[in-house]
Each structure stands twice: as C-alpha cells, then as structure tokens.
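Welcome! Take a look at the structure below, and then we can walk through it together.

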Amino acid sequence: MDLALYYPGKGYYSGGMQKFGEQGDFITAPETSDLFGYCLARQCAQILNGENDVLEFGAGSGILATQVLFELGRLEKLPNKYYILELSAELKHRQKETITKVLPELLDRVVWLNTFPDDFSGVVIANEVLDAMPAKRLIKKQDNFVELGVDCQNDQLQWQMFDHPYTDGKVLLPNEVEQGYTTEVNLRAMAWVESLSDIVDQGLVLLIDYGMGRDEYFHPQRGEGTLRCYYQHKAGDDPFMHVGEQDITTSVNFSDMADQAQSSGFSIAGYATQAMFLISLGIDEYLLAETDENRRITLAQQIKQLVLPSAMGESFKVLALTKKCQVKLKGFKEQDLRHKL
Ligand SMILES: C[S@@+](CC[C@H](N)C(=O)[O-])C[C@H]1O[C@@H](n2cnc3c(N)ncnc32)[C@H](O)[C@@H]1O
C-alpha cells in the first residue's frame, strides 16, 4: 500500500494522475461543495485568536485550504499562518496553483512544510488523510490473527500469509470471529496521532474520514475487511490491479485513534457523523442566505451529497481532539457519539 501510493514518481499520490474530482477517481467533501470548508472554518474560528495557526495535512488539490481561508477572512478570524504538510510533490504544486488562482491575496499566509513543525498552536485539519495511510491486513487463522503480506509469483502480485501470528499489544482485535475473517489495523495512523501530540501545545485537531467505532469496525459481517480501491469512480477490492494508478484505502477505526490520542495526552472533545457536524455548524444557513434561485438549487444538491446517509453523511465521521482547550465546540452541539468509541 505504501509503495503503491507513495513510491516517488510512480505511486498513486506521488505520480501525476488527476485523482480528485469528476475527471479523477473519487470526489472528496471539499471537492463536492465549498460549504464543507466554510463550515469547517466556522469551527476553526472558535479556536483562532489572531496569533495561532492552521495546519492542514494532505491538502489534496488545495481546494479545502481556499474554502477555509476564504470563510475565515469573512469571519475576520484569519490564522497567522496556514501551514500545509503534504507528502506528494505533485500535489504541493497543484495546491499552490489552486490557491494562487482562487485567493492570490492570501498566498503569503500559506506555508508548505516538509516535516512536522517543532510546536504548534491552533487548529489541525486532516480530511481523508488517515484512510490514505498504509494499513496492515490481518486474517484469522486458528486461534490467532496472521498478517497478510504481498508476494510476487510469475510476475503477478498476490497475498501471502505470514507464517507466525500477528502480535501487537497496541491494538484490540476481535475474539469471536470465524476462520478467514479479514480486517485491517493502521499502526501508521496511530503513530501519526502520537507524533501530533508531541507538537500540539494548545488547540484543536479535526480528523474527518470514513470509518466507525471498534464494535462496528469488527462487526462479524464485515468479514472481508474495509480495504477498497478506487479507479475512475468505480470501487473495487483488488489492490493488485492498476498499481500506482488506483487509490487504495481502508476505513478508519476511530476507537483506535481515540485510544491512541488519549494515551498521548489529547482530550476527546467530540465525535459525530459528518452530517450532524455540518448541521451543528449551520450548513443550512448558507442555503437560506442564497438569493439566486439557480445557485440555491445547486447548493441544495451539494448539501444533500454531504449530509444524506445514502451519500457521505453517516459513513464519514468527525473526531475532535483538544489540548488545553475548554471551548465547547459548536460542531458537536447537535450530536455527540463519544460513547460509541
Ligand atoms: C484522499 S486524499 C485527501 C485530499 C484532501 N484532504 C481532500 O479532502 O480533498 C489523501 C491525501 O493525504 C495525503 N497524505 C497521506 N498521508 C499523509 C501524511 N502522513 N502526511 C501528510 N499528508 C498525507 C496524500 O498525499 C493526499 O494528498
């Protein structure tokens, strides 16, 4: 997964493919509607005080950065700096192009980083980043889980079971599942949360992704795991096809993220569906304020895409982590699902 997505120049994210949007392989929430970033900005505005910053991980095409900055400008809550940490050189270039085109007047506030800053205060945003971190795939064999690696036979990539049980005290795995039950664990994502805790002095981290709590993640009926591939808007489950040309992702186990966050020193400040997070932040107000009839119809369609359960509304969740922050977050006003973690 790591090589297929990030091998320099050849991986899915490091190569020159289109990826996002209608011409690409999948559409993320900010690619769907500006209202996504505007609502996020409303949440950021509660924390930003004129002296602290925003740090966005994996900024994709750069569109979310433009939405958040635009709305923060309208709210007179611009961050001191808007940092972007992106692994892909090609995407960094694209992000710069997007911001230069949409918000040239704010370009000087945007700073691209190659590594984590030494310390940070403000708001960290990661939309659909955890799901793009390379996960490990495990399969139940007799009394244990065993890792599935990748082998190459006759020039063909294929799954290859390790010959020893998988042991890692860090993650909880389900006990009562059948032989052959397959699932994923994402130690990289957990290590990333831990590293984040080392640098965040004060503020809020918003992790937005498709995923669920542990009980649902390890539901007996989810026996094939959560690994999915996206190629030209079609979902598949064969990561050995179109290697480097298709996206490979796994759902986020938000209980693992929350446990890791808490043991690293964060407080869990909220957990909600994307739908309820956006509704709590008043996404409907943008629709009501729109006076142009055609534009209103377009916005209504976009909102449906973001909030309907059959679209992105319930499969995507928002997990909020805080440090030294007593603010009651507006995004969780209407729903708080922390008990499901
Ligand atoms: C599915 S895309 C999401 C893009 C964007 N956030 C959006 O919502 O449109 C995943 C992004 O995460 C980036 N990424 C993955 N792991 C990362 C990491 N450890 N640090 C920073 N960026 C990462 C990828 O390069 C890619 O830009």
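Which N or O atom lies 2.6 Å from an oxygen atom of the ligand? It belongs to the side chain of glutamate 86.

## About the model

This is a predicted model, where local features need pLDDT of at least 70 and side-chain atom pairs count only at pLDDT 80 or more, while totals for chains, interfaces and linings use all residues. Residues are numbered from 1 along each chain as its sequence is written, and side-chain values use heavy atoms, leaving out hydrogens and water.

## Around the ligand

The ligand is surrounded by 19 residues, each with a heavy atom within 4 Å of it. Tyr6, Thr28, Gly58, Glu86 and Asn127 are the closest.

Threonine 28 places a polar side-chain atom 2.7 Å from an oxygen atom of the ligand. Glycine 58 uses its backbone instead: an N or O atom there lies 2.7 Å from a nitrogen atom of the ligand. Taken alone, the ligand exposes 600 Å² (Shrake-Rupley method, 1.4 Å probe), and the protein buries 95% of that.

## The cysteines

A disulfide is a covalent bond between the sulfur atoms of two cysteines. With a cut-off of 2.5 Å between the sulfur atoms, the structure holds zero disulfides. For cysteine 39, the nearest cysteine sulfur is that of cysteine 44, 11 Å away. Cysteine 39 is buried, at 0% relative accessible area (buried means under 20%, exposed over 50%, and partly exposed in between, with a 1.4 Å probe and protein chains only).

Cysteine 152 is also in no disulfide, and the nearest cysteine sulfur, that of cysteine 229, is 17 Å away. Cysteine 152 is partly exposed, with a relative accessible area of 45%.

Note on methods. Polar contact = N/O pair within 3.5 Å; in protein donor to acceptor, adjacent residues only side chain to side chain.
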